[in-house]
Amino acid sequence: MTTPQEKTWRAGRFWWDCPQPGDARAFPLRAVIFDLDALSDVDTDGHRVVFNAAFAALGLPIEWSVARYRQLLTLHDQRQRVTAELRKRCVGTECDVLAELLADEICMTKEMMFEEMILDAGLAPRPGLVDLVMDAYAADVPVSVVSSGRRSWVEPLVRQLVGEGLVETVVTADDVSPDAELYRHALGELGVAAHDALAVTGSAAGLRAANATGLATVLIDPDAADGRNRPAAAVRADYAGADDALRLATCQRLHAQWWAQHSTSAA
């Protein structure tokens with residue numbers, strides 16, 4: 001009876017030339033899907049700035065600092081954040097009613113100002129991002145970006161952050177809702193299965209959505225101390241690093257390790 005090793009030798013190869021568990025050759029990476037928050041700190045440098053402009057336009061003495069806004073990001077959505085800020089600042093039994101009414105006006109004003117201001121907000125790509133995107137482009141690994149925003153401002157912002165012609169497809173709220181379906185729609189447009197792609201997200205909400213779609217995921221989080229208790233293939237502050245920059249080869253390794261581990265667990 002011929003053993004697998006003998007078959008390999010007869011083919012002119014040796015066991016160490018064959019894909020091993022966790023080897024990128026055993027779990028090839030065929031696409032990378034970023035969410036918009038992974039490209040830049042859109043919340044802190046975009047939404048926060050426009051909210052401050054909305055406060056000023058309405059004559060409100062409120063200006064969110066970076067530290068304060070990051071505290072508020074623990075709340076589910078922007079209306080909850082505004083309401084929490086207003087309740088903190090007012091006193092009396094009428095406080096809750098006033099906060100609810102004023103929160104609506106603030107959010108409406110911010111939304112009207114957002115599309116006009118976001119492209120001029122000076123958002124910068126996260127350190128090392130462009131190197132990774134260029135790696136993928138050179139290796140013919142298609143890149144997609146997903147966002148719960150509108151295409152009218154998301155597409156030009158993506159071009160502003162990573163350059164023209166480097167992103168294969170952009171999926172926005174104009175294409176699909178709810179947000180959990182963004183990654184699934186991107187996979188369909190790229191023509192790949194979930195186990196062939198790596199998601200890169202810049203938020204805990206994005207991580208949950210990517211995991212729910214069955215994607216191995218890297219979380220870019222400058223405030224994360226470590227990723228031991230997070231369902232991510234890796235947690236990093238950014239893409240840069242003197243010795244451990246997140247380049248395509250690292251993404252391929254993380255993707256392969258994730259699927260080797262989860263395939264073993266499933267078995």
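**Exercise 1. What covers the buried residues of α6?**

Solution. The model is predicted: local features need pLDDT of at least 70, side-chain atom pairs count only at pLDDT 80 or more, and totals for chains, interfaces and linings use all residues. Residues are numbered from 1 along each chain as its sequence is written, and side-chain values use heavy atoms, with hydrogens and water left out.

Step 1. Find the helix. α6 spans residues 95-118. Helices are DSSP runs of H or I, at least four residues; strands are runs of E, at least two; numbering starts at the N terminus.

Step 2. List its buried residues (under 20% relative accessible area, 1.4 Å probe, protein chains only). Among them are Cys95, Ala99, Ile106 and Phe114.

Step 3. Name the cover. It includes α3 (42-57), α5 (78-89) and α8 (151-162).

**Exercise 2. Find threonine 213 and decide: buried or exposed?**

Solution.

Step 1. Threonine 213 sits in the loop between α10 (204-212) and β5 (216-220).

Step 2. Its relative accessibility is 8%, so threonine 213 counts as buried.

Step 3. Look for contacts (heavy atoms within 4.5 Å). Leaving aside neighbours within four places in sequence, threonine 213 touches Ala180, Tyr183, Arg184, Leu187 and Ala194.

**Exercise 3. Which residues by class line the largest pocket?**

Solution.

Step 1. Learn the classes. Ala, Val, Leu, Ile, Met, Phe, Trp, Tyr, Cys and Pro count as nonpolar; Asp, Glu, Lys and Arg as charged; the others, Gly among them, as polar.

Step 2. Read the counts. The lining has 18 nonpolar, 11 polar and 17 charged residues.

Methods: Bend = angle between axes of the 7 residues up to and from the residue. Buried < 20%, exposed > 50% of the residue type's maximum accessible area, 1.4 Å probe, protein only.
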